[in-house]
Every structure is written in structure tokens, then in C-alpha cells.
Amino acid sequence: MDIKYDVEHNVLQVDSIDLEPQSRDNNFIGVCSHCNSDVTSMSYHSYKDGMLVAAKCNSCDTIYAIMYDGDWNWQGEEPISYFFDIKNSNDLKVLDSIDKKKLATVFTPAEASAMYAKARGEKYVRQYLYRARKKYTDFKDLFGIQIDI
Ligand SMILES: [Zn+2]
């Protein structure tokens, strides 16, 4: 499994599928395999026929994805080492769904690349993004698509 986690919004991403949290309960859930300290749940997610729980070690801050079947039998766990931001991820999906010709009608290449860079979580030229933001209303008026990056 390819697992990523958005710590701020508690969204797990498994093989590129976003799993919104069912709950954000903080429960003692086990013991850290690195340092033997308590591991506390951060969020619970339905996955296939069971549950995936994102949980964090209270001592070394390792974050785990812990897998259970539908009867809460432990199925396995793995440390999560990849993180993402669901907001950026959604922004990128919006951009990718827009016809490039439409983007080019309203935004200069520099503005468009600043929007993409922001959505990817990369460095961007603020000045170009600010200019682009001023045109979001125009873009919506023209094509009916709301951009919020
Ligand atoms: Zn630990």
C-alpha cells in the first residue's frame, strides 16, 4: 500500500484514494515498535471491509497506519513517512480538470505556473499568484469554474 497522511485535516490517502476521517477520537491504541511508548489514535477511516487508524507515538512522534478487519482484529501496521495537504491535492485536481486553452485565455503563462506550483506545494512567485487571484472572478464569469488557490 502507498499511504500518505494529511496531519492537519486528518485525511489518509491510500493508493491515491482519499479517505476522510470517520472520527478523530484519541484513544490509546498500542505500543510503538520503535520506542515502546504509548501510541494514540488521531483518526479512524473506513477502508475496504475494515478500518484504518492513523495513530501517533506520544514519545518519538512516529505516525502509523494500523489496519483492522471488520471485527476489529489487528491486521498489521506500517509507519507513515509520506505526508500531503488535501487542500493542495484538491486544487491540483481542479487545475488538471480545466482545459489548458481556457486557462491560457485568462492567465499568463507565469500566472498559470504560479498556480500550479502553489497547488503542488512547491515554491511559487507570490506576485504572479496575487495577479492570478485577481482574475478568478473573471474566470468564473467566463467559464463557470471557481478556482480557489
Ligand atoms: Zn515511538
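Author: One definition first: the axes of helices are lines fitted to C-alpha atoms over the stretch in contact, and angles run from 0 to 180 degrees between N-to-C directions. What follows concerns a predicted model.

Reader: With that in mind, at what angle do helix 1 and helix 3 pack?

Author: Helix 1 covers residues 86–97 and helix 3 covers residues 109–119. Their axes lie 8 Å apart, and the angle at which the two helices pack is about 140°.

Reader: Which residues of helix 3 make the contact, and how many residues of the contact are nonpolar?

Author: Helix 1 contributes Asn88, Asp91, Leu92 and Leu95, while helix 3 contributes Met115, Tyr116 and Ala119.

Reader: Which elements does the protein contain, and in what order do they run?

Author: The protein has 5 helices and 9 strands. Read from the N terminus on, the order of these elements is β-β-β-β-β-β-β-β-β-α-α-α-α-α.

Reader: Why is the protein described as more spread out than a compact globule?

Author: For 149 residues the globule rule gives 15 Å, and the radius of gyration of the protein is well over that value, so the protein is more spread out than a compact globule. Along the principal axes, the C-alpha atoms fill a box of roughly 55 × 30 × 25 Å.

Reader: How is the protein divided into domains, and what distance separates their centres?

Author: Domain 1 spans residues 3–83, and domain 2 spans residues 86–143. Taken over C-alpha atoms, the distance between the centres of the two domains is 33 Å.

Reader: What is the strand order in the open sheet of 5 strands, and which strands are at its edges?

Author: The sheet has antiparallel pairing, and its strand order is 4-5-6-7-8. Direction ignored, neighbouring strands of this sheet are turned by 35° against each other on average. Two of the strands pair on one side only, and these edge strands are strand 4 and strand 8.

Reader: What is the bridge partner of Gly30 in strand 5?

Author: Strand 4, at residues 28–31, pairs with strand 5, at residues 38–47, in the antiparallel sense over 3 bridges. These two strands form a hairpin with 6 residues between them. Within strand 5, the bridge partner of Gly30 is Val39.

Reader: Where does Asn10 lie, and how many other C-beta atoms does Asn10 have within 10 Å?

Author: Asn10 lies in the loop between strand 1, at residues 3–6, and strand 2, at residues 11–14. Although Asn10 is not a glycine, its phi is positive, at about 55°. Asn10 is partly exposed, and the number of other C-beta atoms within 10 Å is 18.

Reader: Which strands stand at the edges of the open sheet of 4 strands?

Author: This sheet has the order 3-2-1-9, with mixed pairing. Each edge strand has a single partner strand, so one side of each is left without a neighbour in the sheet, and the strands in question are strand 3 (17–19) and strand 9 (82–83).

Reader: Which residue of strand 2 is the bridge partner of Asp6?

Author: Strand 1 and strand 2 pair in the antiparallel sense over 4 bridges. Within strand 2, the bridge partner of Asp6 is Val11.

Technical notes:
Residues are numbered from 1 along each chain as its sequence is written. This is a predicted model: local features need pLDDT of at least 70, side-chain atom pairs count only at pLDDT 80 or more; totals for chains, interfaces and linings use all residues. Domain bounds come from an automatic or database domain assignment. Two strands pair if DSSP finds at least two bridges between them. Two residues are in contact if their C-beta atoms, placed from the backbone, lie within 7 Å. A residue is buried if 20 or more other C-beta atoms lie within 10 Å of its own, exposed if 12 or fewer, and partly exposed in between; C-beta atoms are placed from the backbone. The radius of gyration is taken over C-alpha atoms; the globule rule is 2.2 Å times the number of residues to the power 0.38.
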